[in-house]
Amino acid sequence: MSIYPPPPGWFKAPHGAERLWVGLAMSWCLMMFVAMPYWHFYGKQNSTGEAYRVEPAAFAQRVQRFVSTNQVGELNGIPIVQPAPGGDAYLQAQMWSWYPILKLKKGQTYRLHISSIDLQHGFSLQPVNMNFQILPGYDHVLTLTPTSSGEFTIICNEFCGIGHHLMAGRILVEE
Amino acid sequence: MTTTTISGDAPLAEPRGNHAAGSVRACDTTGLPVCLSAQRFMKLHAVTAVVFLLIGGIGAILLGLTRWPAVHLLPADWYYRILTLHGLDMLIVMILNFEIAILYFAGTTLLNSRLFSSAMAWIAFVLMLVGAVMFNGTILIGKADVLMTSYAPLVAHPLFYLGIILFAVGALVAVINFFGTLYIAKRDHTYEGSVPLVVFGATAAAIIAVVTLLHGAVVMIPTFLWSVGVIPSIDPGWYRVTWWGLGHMSQQVNVCAMVSVWYLLGALTVGAKPISEAVCRGAFVLYILFINLASAHHILVDPGVGAAWKIWNTSYAMYLAVLASMIHGFTVPASIEVALRAKGFQRGLFGWLANAPWSNPGFSGFFLSLVIFGFGGGITGVVLGTQQINIMAHNTLRIPGHFHVTVVGGTTLAFMALTYYLVPLIFQREFYAKTWCRIQPYLFGIGITTMAIGMSFAGSYGVPRRHWDVEFTGAPFAPAFDSGAHVMLGLLGVGAVIAFLGLFLFIALVVATVFFGHSNAGQPMQAWHVDRRAAAAIHPTAGAGGEDQRTPGTLLLVLVFLASFAVYYFANWLWLSDVWHVR
Amino acid sequence: MAQKDPGEIHPLQRLMDNPWLLLALGVVIPTVSYTLWAWFELYNVAPATLP
């Protein structure tokens, strides 16, 4: 039994159902492994971790410049900002808000730079249900193409203090 | 009888124990040699584990009743505080204490050896206890509202980090004590040939514990120094990668320990034998080499680390460690099937399963743990840990949904099942209220599974984990989760209540028995319904010849498992294809 | 019971019977593959240009 030392000569290859199962399981595992690089090259949703080092103050300044040059409106006191299609957009996470509100166009690709100016935050776009980690000191760049239009809410899903559950923002996507 | 040794030295005598006179007793049930020093520490660690299971469990029900929106019990600050406490007390304190008890058992009783060092065992125990009290205290006074992960730049009081460091050092000392025991057992020739499979599995757990605790030291010591102002800052990306070396690798200790306990309980409840020592041990070796790579699961949507690192590591090296789990998923039930068929339960595909000792809580807890872990935990874990699928799952309630089936429905339930033997055999007390004992694993298993289903489905709607208010009351915008999400959160709450009843019942039964139960010293433990005929009939050196090794029932079960796996896996890729394009 | 001749023990069994070798491999492999490789990637993160 498993509680006694095994009889000598225990090292034997599997046979029968056991061997069949090990073979099946191994094939399934290889299949799953291949799926990821496949999707990396041919799939449209990937997390490549593209990022750059940045000082939080420098990032905040760049966000302000982005807002002043591209602002097109305001909602609940927060600027609505429309980046150029194919261009760079900036989003700042902080205790406890997302700034600014981005106005994007469906089917257009943007280089979205997201960083935090204080703690770690979780970028969670609903109801798309797309989630990325946001760290202070890192400019996390997502090459993003909205494939649906409407009003989307960004919530924070990384604990960031007592106001964590109040942290919500918006992304607007027009047709 | 003389034997030749592997190295060709002079012939050694029969293996014999290395205990000092009067420091060992023969178990009245199994005949195995129980080192009295190891027994003392098994009891100390097991009792500590149960105490923290209670503390963590009270935390659990408070949290469950808070995430159930209709109840929303705790205020926000206490929710995050209790969440910190619950995570650390369950995932670190309770479970590592139990595992050290298992290591002390495996290294001594199953190898006919004394414990390497009582002094080290005391140091380990005291450090772990002092450390645990230190960080529990810091949390309860509100100085460490940072959650179990304490992600920098969130900062806690220095005693929080110091407590964790002391606990980790203590645990490492206990693990070294286990390796020391392996060493002297081999040196003193207390056993012949290779170690028993359960000991091999415990060794795998101990090896993983070493890597885990080394990562813990490397992340916590600088963080502690930062919290007292000696180091100016901690890079958050570096912190996350290194912390999860502690955080996830510790869960892999749990996997190895749980699987070892499955084999142990298979032997104790139905006299099962491993159908292939080579295959089972090979699977443990795959765990040792590759399972720790899966800490990458937590870093899949992080900035700074690239796709190649993410894909290679999250796959546990081409899923070799997943292959190991799938192997145990076959060999464990297969050994049960062979053992029960040998007792005459041959009818059809599942006659053996229908006639298994389901009223033995050591068996029911073990088998439920196997099914819940395999179907629930294994499948969700691999899928959520798929690099791209993680984009939909990171930091949603799907994650706690996954790990409550693995570490609670899997490991904790297996440990509860083992306790139904630990108490009669090591504490030498007969359980009270045996009918309640028989019910307890089902109550806990059903509760946890229900709760985890609620969590997983709510998370699929996007509901975040570690979040006090799903309604976002007072926030400038609200995501307005689907009403289905609310139903699922209600299911979470109901499941949590049932699971807590199962947990509390377990603790009540154990405490009542350990302190007030009747001693069974001098006689075998009362059978839960073990068929001793079959246990005695299986001589340790009996070969496979002459026994029916067919396992058609298990083969069907694992094929159903594989089919479920495939369906869930492809369904998730399909859902992913609806997400915005992102790179 | 006689042991097998030393030459007949499969190399994989020798690996499995050697907890110290397993400990060394079990520490080195994940540390290199998961930890050191990740630290290397993070260390090489380039400065932002913020275009």
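**Strands, interface and helices**

Trainee: Which residue stands opposite Phe123(A) in strand 11 of chain A?
Mentor: Cys156(A) does. This is a predicted model: local features need pLDDT of at least 70, side-chain atom pairs need 80 or more, and totals for chains, interfaces and linings use all residues. Residues are numbered from 1 along each chain as written, with chains lettered from A and ligands numbered from 1 in written order.

Trainee: How do strands 8 and 11 of chain A pair?
Mentor: Strand 8 (residues 121-126) and strand 11 (residues 150-156) of chain A are antiparallel, over 4 bridges. Pairing takes at least two DSSP bridges. Strands are DSSP E runs of at least two residues; helices are H or I runs of at least four.

Trainee: What sheet does chain A form?
Mentor: An open one of 7 strands, ordered 2-3-6-12-11-8-9, with mixed pairing.

Trainee: Which strands stand at its edges?
Mentor: Strand 2 (71-75) and strand 9 (130-134) of chain A. Each has a single partner strand, so one side of each lacks a neighbour in the sheet.

Trainee: New topic. How many residues make the contact of chains B and C?
Mentor: Chain C gives 26 and chain B gives 31. Contact means C-beta atoms, placed from the backbone, within 7 Å.

Trainee: Which helix of chain C gives the most?
Mentor: Helix 2 of chain C, with 17 residues. By class, chain C's side has 19 nonpolar, 5 polar and 2 charged residues.

Trainee: And which residues of helix 1 of chain B meet helix 14 of chain B?
Mentor: Gln39(B), Met42(B), Lys43(B) and Ala46(B). In helix 14 of chain B they meet Leu422(B), Ile426(B) and Phe427(B).

Note on methods: Two residues are in contact if their C-beta atoms, placed from the backbone, lie within 7 Å. Ala, Val, Leu, Ile, Met, Phe, Trp, Tyr, Cys and Pro count as nonpolar, Asp, Glu, Lys and Arg as charged, and the others, Gly among them, as polar.
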